[in-house]
Amino acid sequence: LGSETHLEELTRMRRDGTLGCFALTERLAGVNSGLVVQTTATYDPTADAFVLRTPHAGATKNWISQGLTATRAVVVADLIVDGASTGPHAFLIALRRDSDAPPSRGITLTDMGTKTTGNDLDNASIAFDDVIIPRSALLDKHCDVRRDDATGRGVYGAKGDGAPASNMERIGQRLFTGRVAVAQGAHEFRKRLFARTRGVTDEKPCWAPDGGSHSAKTTLVLSGVPQLRALYVEADDSEARTGKFLSEVEKALCATLRASTRPSVDLVEAVAAAKIVAVDEAIAFTHRLRQEVGSYALMAGTGFEHTDFLQCCKFAEGDSRVLMMKVARDRVKRAATRGALPRGTTRREYDAVHALQRALRRAEERGAKGAAAWEAAWLEAYEAARVVVDATVDRWVGGETREGGARGASKL
């Protein structure tokens, strides 16, 4: 999103070891509400500068990693020009003069408070009280704000061809590497928790008719109880399938990055599926395991005390519910274009997407339009997304893709 000037500044920051942070999430708005933000950056044409403001406590930036120690920040704020909102935009600002200095005037930095997990992390709350930032702070590769000399009013417009668009809209759906990393983190957490727990249940004797000597540990062990044994078998199968899928998606994404190519529609869908399925499976299997191992799951040091990490994975790099709605929307668009669906699209996928299309039509017939129609058809949308995600995993694990050559890549 930055201009050449911003990229030069980034190079200097790397050279000097300057710490930075990314300030998007707010107390009452964040990733699970899309890119809705209530922090404002109002353009003042008289000063040719922006006024950065936290209008109320709910708009305070929150969960800002490295926020207490960073010197610079990319702050996402609703850009106000000539009294009108133009949507969320990113600004590169100085939180303090240097690493040893206190926060700049008008900026309040505090620890966000005790969390259920991850308390070793630096997560800050940040508030802005009419902080003046220069016009050059706006990451303006695709948009610009200027003063109209004839009227003295601010003017917002796009750079290059196309209509003006919030610069954050250009990256909101492109968090590809982060989504894969979050998926892998959730998968690895679940994998290690099961391995550690199984090591305990393999050694824990439990009563059974004619089970043998308890003192000699020749009786039935907890891992052999039918319901836990069945859970381990199911979890192993799921872990192997999802692990292979994540590996394939990672390889395809790495290939596109090395080749400087844009991810294809199929790869974008696979990245979303990776985040959704890995996190949801980790949460579901971890919860089921907790129910089977009794008081062991209440003990510190078992790993169960950190399961809120999976909740973090659920909303990090794009809330899973938001991604599911994106998958559904994208499939409806692709279904309307002949030949645009992935090779190997299953009958279940066709049926689920057609059911969603019918639900949308019924909503439109009742007078709902656009977002209102999708809201009315939300159950069908999530069901279509679940079917598509499951089929996407099967296709990638089975080695089927639309493209030849580098998997999932299309030339820019």
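The text below treats the cysteines, then the aromatic pairs, and finally the charges over rings. The model is predicted.

**Cysteines**

A disulfide is a covalent bond between the sulfur atoms of two cysteines. How many disulfides does the structure hold? The count comes to 0. For a disulfide, the two sulfur atoms must lie within 2.5 Å. The cysteine sulfur closest to that of Cys312 belongs to Cys313, and it is 6.9 Å away, so the distance is too far for a bond. Seen from Cys313, the closest cysteine sulfur is that of Cys312, again at 6.9 Å and too far for a bond.

Are these two residues buried or exposed? Cys312 counts as partly exposed because its relative accessibility is 23%. Cys313 counts as buried because its relative accessibility is 5%. The cut-off that decides this is 20% relative accessible area, under which a residue is called buried.

**Aromatic pairs**

A pair of aromatic rings is described by the distance of the centres and the angle of the planes. The structure holds 7 aromatic pairs. One of them joins Phe50 and Phe91: the ring centres are 5.2 Å apart and the planes stand at 70 degrees, so the pair is edge-to-face. This pair links distant parts of the chain, since Phe50 lies in strand β4 (residues 49-53) and Phe91 in strand β7 (residues 84-94), 41 residues apart. Both Phe50 and Phe91 are buried. Together with Tyr43, Phe50 and Phe91 form one aromatic cluster.

Trp378 and Tyr382 form another aromatic pair, also edge-to-face, with 6.1 Å from centre to centre and 75 degrees between the planes. Where do these two residues lie? Both are found in helix α9 (residues 378-398), 4 residues apart, which is about one turn of the helix. With a relative accessible area of 44%, Trp378 is partly exposed. Tyr382, at 14% relative accessibility, counts as buried.

**Charges over rings**

Which arginines lie over the face of an aromatic ring? The table lists two such cases, with the distance from the ring centre.

| Arginine | Ring | Distance from the ring centre |
|---|---|---|
| Arg198 | Tyr232 | 4.2 Å |
| Arg329 | Trp374 | 4.5 Å |

In summary, the disulfide count is 0, and the aromatic pairs number 7.

Note on methods: Residues are numbered from 1 along each chain as its sequence is written. This is a predicted model: local features need pLDDT of at least 70, side-chain atom pairs count only at pLDDT 80 or more; totals for chains, interfaces and linings use all residues. Side-chain values use heavy atoms; hydrogens and water are left out. Buried means under 20% relative accessible area, exposed over 50%, partly exposed in between (1.4 Å probe, protein chains only). Rings of Phe, Tyr and Trp (its six-membered ring) pair if their centres lie within 6.5 Å; planes under 30 degrees apart count as stacked, over 60 as edge-to-face and the rest as tilted. A charge sits over a ring if NZ of Lys or CZ of Arg is within 6 Å of the ring centre and within 35 degrees of the ring normal.
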